[in-house]
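Q: I have a structure open and would like to talk it through with you, if you have a moment. Where would you begin?

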Amino acid sequence: MMKISNDTKDVLKNFSTINSGIRVKTGNKLETISNMKNILAVATVAEDFPQDFSIYNLPEFLGATSLMDDPDFQFNDSSLSVADNNSSLSYFYAAEGMVTAPEKMITMPEAEIEFKVTSTLLTDLKKAAAVLGVNDLILKSDGTSVTLIVTDKKSDTSNTFSRIVGEGDGTSYEMNFKMENLKILDGNYDVQVSSKGISHFNNADVELEYFIALEPDSKYNA
């Protein structure tokens, strides 16, 4: 029997937006990867899971367990038993091959660009994208300052929102993301971006990190 903390439930809820299924390995690390393989997330949690298991529909599982008040989780051979004082739930594991899971960890290449993203900025960027109805996020530098821009790259007349996030180092670049790939849990992040097309968002407060692919039209020092 074990409890699952609200912090871990928040991580699982966030991971379920990246991939609706999850393969959990024995131990205290949770990992997920999007079906397109362009978002990888890793968290170290307080719980120590006693065995490997897979859940095919994580939003459904989290929704069902949220009906209970601080339940106990028991890991059986083919299913999970979840129970509080009044209710119980039996939830069957998925076959391992039914869930897309990370095969190996990404080694982050050397990052030419580093900056910080606060929880407030993250919220503002997501709000701006929703309000303006756009889905492109550009990390841009003219060599003097570094700016994050929410826009629609395909439209010359797109409404845009921008925020300066740092000082330039003399290099100009335009690193492109899709807002829909920025599926990161609310928080403060140290961000590294590599010209090789990958970014690393490392949560400054808890052990949680994301590797997010850049769009192929990104340009560094061009």
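A: I would begin with a term: a strand, labelled E, is a DSSP run of at least two residues, and strands are numbered from the N terminus. With that in hand, we can say that Gly 27 lies in strand E2, which covers residues 27-33. Please keep in mind that this is a predicted model.

Q: Okay, and is Gly 27 buried or exposed?
A: Gly 27 counts as buried, because its relative accessible area is 14%, and buried means under 20%.

Q: Which residues does Gly 27 touch, if I skip those up to four places away in sequence?
A: Setting those aside, Gly 27 touches Glu 47, Asp 48 and Phe 49.

Q: And how far is Gly 27 from Glu 103?
A: The two residues are 76 residues apart along the chain, and their C-alpha atoms are separated by 17 Å.

Q: Let me zoom out, then. How many helices and strands are there in the protein chain?
A: The protein chain has 3 helices and 16 strands, and its C-alpha atoms fill a box of roughly 60 × 35 × 30 Å when that box is taken along the principal axes.

Q: How much of the chain is buried?
A: Of the 222 residues in the protein chain, 47% are buried. As for the surface, the chain exposes about 11700 Å², and carbon and sulfur atoms supply 47% of that area.

Q: What about contacts between residues at least 24 apart in sequence?
A: If you take the contacts between residues at least 6 apart in sequence, 58% of them join residues at least 24 apart.

Q: And the charges, how far apart are their mean positions?
A: The chain has 19 positive and 33 negative charges, and the mean positions of these two groups are 5 Å apart.

Q: Now helix H2. Which of its residues are buried?
A: H2 runs over residues 58-65, and its buried residues are Leu 58, Phe 61, Leu 62, Ala 64 and Thr 65. They cover an arc of only 160° around the axis, so they sit on the same side of H2.

Q: Why would residues three or four places apart point the same way?
A: An α-helix has 3.6 residues a turn, and therefore residues three or four places apart point the same way.

Q: What covers those buried residues of H2?
A: The cover includes helix H1 (6-18) together with several strands, among them E1 (22-24), E4 (53-55) and E7 (88-92).

Q: You listed Thr 65 as buried; what is its relative accessible area?
A: Thr 65, which is found in helix H2, has a relative accessible area of 7%. A polar atom of the Thr 65 side chain lies 3.1 Å from the backbone oxygen of Leu 62. Apart from neighbours within four places in sequence, Thr 65 is in contact with Pro 71, Phe 73, Val 82 and Leu 89.

Q: Where is Leu 185, by the way?
A: Leu 185 is in the loop between E12 and strand E13 (189-194), and it is partly exposed, at 24% relative accessible area. Not counting residues up to four places away in sequence, Leu 185 touches Asp 10, Val 11, Asn 14, Leu 122, Leu 208 and Tyr 210.

Q: Last one: which side chain is joined to Asn 176 by a polar contact?
A: That is the side chain of Asp 217, with a polar contact of 3.1 Å between the two. Asn 176 lies in strand E12 (residues 172-178) and is buried, with a relative accessible area of 2%. Beyond its neighbours within four places in sequence, the contacts of Asn 176 include Leu 137, Lys 153 and Ser 218.

How values were computed. Residues numbered from 1 in each chain as written. Predicted model: local features only at pLDDT ≥ 70, side-chain atom pairs only at ≥ 80, totals over all residues. Heavy atoms only, no water. Helix = DSSP H or I, 4+ residues; strand = E, 2+ residues; numbered from the N terminus. Buried < 20%, exposed > 50% of the residue type's maximum accessible area, 1.4 Å probe, protein only. Polar contact = N/O pair within 3.5 Å; in protein donor to acceptor, adjacent residues only side chain to side chain. Contact = heavy atoms within 4.5 Å. Arc of directions from axis to C-beta. Areas by Shrake-Rupley, 256 points an atom, 1.4 Å probe, with all protein chains shown as cover. Lys, Arg positive; Asp, Glu negative; His and termini not counted. Charge placed at Lys NZ, Arg CZ, Asp CG, Glu CD.
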